[in-house]
Amino acid sequence: MLKVSGKLTGWFERANRARPFRNAWLRKIKKRTFGGLVQKKLISLIRDAKPRRALFTTFTFSLSWFEALVIPVLRASGIDQIDVLVDAREACKSTEEATALHAGNAYRIIPVYMAGTTVFHPKLAYLESPHEDTLVVSSANLTLAGHGKNLEVLDAVGSRKEPGVFDEFAKFLTTLTEKHSFSPENLAVMQHYRERAARQREKAGPIDEVVRKAWLVHTLVEPAAIQFAEHALRLDGAHTLTVLSPYHAPSGKPVQDLADLIGVADLHIGLCARRQDKAPFHEENDFTQAPAYVIAHTDNAMRPLHAKCFELRGDNGVLVMTGSVNATAQSLTSTRNVEVSLVRLLDASPFDWEEVEAPPYFEPCEFNVDELSARFPALQATWTTGNDLIGQVTPADVDQFVTLEVWDGAARLIVLDEVALEGGAFKVKMRNPIDAKGALRLEMRGAQLHASGWINVEIELAADDTQRLLAKASARLFADDFEASAVAALFGWIEGLAHRMRQRPASPRVSSPTNRNMGTLAHPAPVMTYAEWQKSLEPYQDLDVPRELARNTFEAVLKWLNRDVVTKLHSGRASADNACGIASPEHPHTDAMGGQSGGKTGISPPVVQPQGSPKLRMLATEKDEFSDGSEPDDLNQEELAERRYQQLLEAIPLALAKDADSRVMPLFVELSGCAALKRTLLQRELAQAGNQKIESLPVLLDNWLTQFAEFAYSSANRERLLPYFAALACCAAYFYPHASVSVMKEAITHLAERPLTAQELESGALSALKTNRFTRVDPSLHTIIASHAAAIAACKTRSEELASLIVLTMDKAHKQLPSVPAELRPVFTALRQLGVLGLVKDVNSAACPCCHSKMHSDDRVKLRTRQTGLCLNCKHPLFYGLDRATLAQYGYSGRIKG
């Protein structure tokens with residue numbers, strides 16, 4: 001059990017020297033078991049366990065050592081989550097390692113606050129594995145000295161052989177969380193391990209306490225000395241107590257009291273082999289008789305002593321306690337510290353003790369607790385998946401306003417002033433993730449308050465390597481770094497998601513009876529807020545990433561899409577902190593997705609800067625939406641990103657055709673709509689720059705609205721998209737006065753499957769215009785743009801207009817063709833002459849309902865957009881989306897084909 005780099009105690013060294021085949025003997029002896037204790041390093045135990053999740057506890061903590069040696073081994077085992085509990089004082093000190101790369105993003109740091117001079121001192125590792133969990137109890141901190149230089153002890157038990165120890169570990173965590181303060185996020189982590197350990201105990205069924213050989217000892221309720229003395233009753237004829245510890249009380253009283261409690265007179269004190277000439281006590285001490293002194297034989301006698309071992313020998317065996325308990329009053333005979341050790345009942349001692357002469361000198365070596373009295377508060381900070389920076393500082397005597405600083409290494413990224421600290425808790429809405437080069441740490445300053453700690457970034461902690469790459473790529477785009485590999489990573493994931501949806505069977509559109517008959521008012525579905533819709537993403541399995549990571553990915557692509565929009569920050573100072581996308585607590589404004597977030601920053605009307613002349617047309621086919629089909633060979637990174645984005649937009653309608661009711665689809669739809677809005681406004685900007693009349697331009701948004709209203713959305717998705725569609729329609733009506741409001745009303749009504757009031761349209765448009773989907777729209781225009789909802793609601797739908805024109809055209813009482821727009825005249829002339837029309841029920845139908853000839857895909861798209869057309873083969877007029885019952889009531893059912 002005494003661990004020094006995996007090598008054993010001195011007796012095998014002497015045996016090894018006596019044998020000629022030294023190396024073979026060494027390999028054999030290192031595997032030998034002593035009373036159930038196997039000599040292994042922590043790294044070796046991790047490799048054997050192959051944990052999926054791991055919890056570590058430590059007093060001192062070296063991040064550089066942990067990240068260089070332990071994290072790679074854990075990752076090689078396929079670990080999903082790593083959590084580290086650290087004494088709050090030492091967690092604060094660890095922030096001085098500013099070059100740390102993975103604290104808070106590859107592993108979670110949980111500080112444990114201890115009042116006064118007490119310390120959180122356990123050195124544990126809980127390795128959660130599919131086959132068996134392992135609990136490691138050690139004297140070594142998570143430092144280079146602890147696992148590389150010092151003389152330490154390490155023991156490990158498995159859940160199958162010692163389930164009772166796991167029950168005691170679960171109770172330890174329960175008591176720890178009851179007696180000490182943890183943030184809700186960290187409390188949930190510890191609750192997981194508590195429940196996991198309790199399940200290991202439950203799997204074992206009844207435990208025979210008589211035959212148990214191992215027990216966990218902690219000091220949260222009762223001193224370690226009392227518990228060790230109780231276990232000593234399992235021995236017959238206890239006669240010798242050996243204590244090896246780096247720290248003793250100067251008087252020796254705790255050790256003498258333990259010997260008296262057990263009832264043994266033969267007391268041995270372990271010495272550091274390199275300091276055999278000094279006893280760790282005052283010369284005037286409390287021992288009733290002078291103790292004997294021993295050293296433990298090891299492979300390297302010069303290692304600094306840090307092992308903690310209490311060994312009691314009896315006639316029928318040996319009781320050994322190893323772990324974090326020192327031979328001081330605070331550690332051994334009180335409940336002030338948090339200490340954990342493992343007690344084993346063995347047949348023989350696993351140590352080789354050698355008695356040495358009594359030291360000629362005395363030098364007390366008690367841990368100087370007075371140096372610990374000046375302590376910083378414990379700061380627990382979390383960057384949540386919802387982009388909130390939340391946390392808890394302990395203790396927090398008074399409520400106050402504090403300043404928070406977010407640091408990445410030596411770079412201060414963010415300063416947040418006047419953050420409310422209430423009951424020690426704080427919460428700040430952050431607009432975007434940060435593209436950090438290393439670990440993020442937080443500095444808090446207030447009146448007589450200074451605390452520092454690492455920020456646990458939830459999206460990255462819950463992610464695998466692929467998801468972590470996606471999170472980093474999103475953060476880079478949010479930081480206005482549109483590097484090609486980051487853009488490609490985002491597009492690649494979204495394209496993959498769209499591809500998976502396209503592999504599904506097509507979901508047929510089930511229209512309500514009022515889908516095209518607008519004479520009856522359907523009951524509206526309950527409006528789903530963005531928060532409710534976002535929550536509904538959680539069970540959607542095809543995301544393959546956390547839902548907030550999926551949301552950030554789409555948001556980052558929108559950021560890239562609108563990278564040509566420049567915003568000027570005013571109302572006070574345009575600080576670097578605001579430039580990082582941070583919203584502070586004052587003056588709430590609507591965040592990127594329509595939720596409320598805090599912020600002092602005002603945003604001036606965006607300035608649109610056209611960056612070229614894009615191909616300005618909507619989808620005419622299922623092929624390239626923008627390009628002319630050519631594939632230039634000399635594209636630069638920016639052009640490659642544009643082409644990749646175009647390919648993504650092409651995939652969206654195809655994915656919607658297969659699975660428009662999935663919870664993530666509104667993000668796809670809004671992504672495509674934002675591209676259409678960008679083209680529309682750039683088209684208008686270019687026309688004005690070239691002195692071209694707006695009336696001569698095609699309206700792109702009404703085509704988009706018509707196309708994307710057709711898919712078989714779920715009722716929840718339709719209600720989620722209605723405000724967005726209303727805002728796009730109002731934008732089209734405002735920026736293009738010649739746009740057909742009847743076409744847009746047709747699309748919105750078709751999407752809603754019910755008529756909408758002007759108030760519904762206007763309020764929905766206003767709420768959507770405040771989101772980052774409409775970054776390109778001047779905020780001062782929001783109200784006037786939304787006011788166009790009244791005109792849209794008041795007009796007839798395109799279907800209603802066409803139905804009226806059909807009735808007038810087919811009525812022979814009218815001698816002349818009714819007045820129709822010029823582009824519709826050929827269709828109604830044919831209707832007047834032939835007296836028969838084809839009614840297309842499904843725009844994806846490949847045949848004319850009159851002559852059954854195959855329709856070209858371009859003609860089907862035009863028919864869907866315009867709702868009218870002529871069959872190129874039979875020249876019959878075709879209509880799409882009209883209600884047959886409305887026409888039949890005029891007696892024309894016999895003249896309708898299809």
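Modeller: Strands are DSSP runs of E with at least two residues, and helices are runs of H or I with at least four, each numbered from the N terminus. Two strands pair if DSSP finds at least two bridges between them. This model is predicted: local features need pLDDT of at least 70, side-chain atom pairs need 80 or more, and totals for chains, interfaces and linings use all residues. Residues are numbered from 1 along each chain, and side-chain values use heavy atoms, without hydrogens or water.

Colleague: How many bridges join strand 15 to strand 16?

Modeller: Six, and the two strands run antiparallel. Take Phe310: its bridge partner in strand 16 is Met321.

Colleague: What is the strand order of the open sheet?

Modeller: Read across its eight strands: 10-17-16-15-11-12-14-18, with mixed pairing. Strand 10 (214-218) and strand 18 (353-356) are the edges; each has a single partner strand, so one side of each lacks a neighbour in the sheet. From one strand to the next, the twist averages 25°.

Colleague: Which strands does helix 9 lie across?

Modeller: Look for contact, meaning heavy atoms within 4.5 Å. Angles run from 0 to 180 degrees between N-to-C directions, with axes fitted to C-alpha atoms, for helices over the stretch in contact. Helix 9 lies across strands 10, 11, 15, 16 and 17, at about 160° to strand 16. Helix 10 (253-262) lies across strands 11, 12 and 15, at about 155° to strand 11.

Colleague: Is helix 9 mostly covered or mostly exposed?

Modeller: Buried means under 20% relative accessible area, exposed over 50%, partly exposed in between (1.4 Å probe, protein chains only). Helix 9 (224-232) is mostly covered, with seven of its nine residues buried. Among them are Phe228 and His231.

Colleague: Why does Ser853 count as buried?

Modeller: Its relative accessibility is 17%, so Ser853 counts as buried. Ser853 sits in the loop between strand 33 (837-840) and helix 28 (857-866). Asn873 is 20 residues away in sequence, yet the C-alpha atoms of Ser853 and Asn873 are 6.9 Å apart.

Colleague: How many cavities of 30 Å³ or more does a search find?

Modeller: A cavity is a set of points on a 1 Å grid where a 1.4 Å probe fits but cannot get out; lining residues have an atom within 4 Å of a point. Volume is the space filled by probe spheres on the points, which are joined across faces, edges and corners. The whole structure has seven such cavities.

Methods:
1 Å grid on protein atoms, 1.4 Å probe; cavity = no way out; pocket = protein on both sides within 12 Å on 5 of 7 lines; lining within 4 Å.
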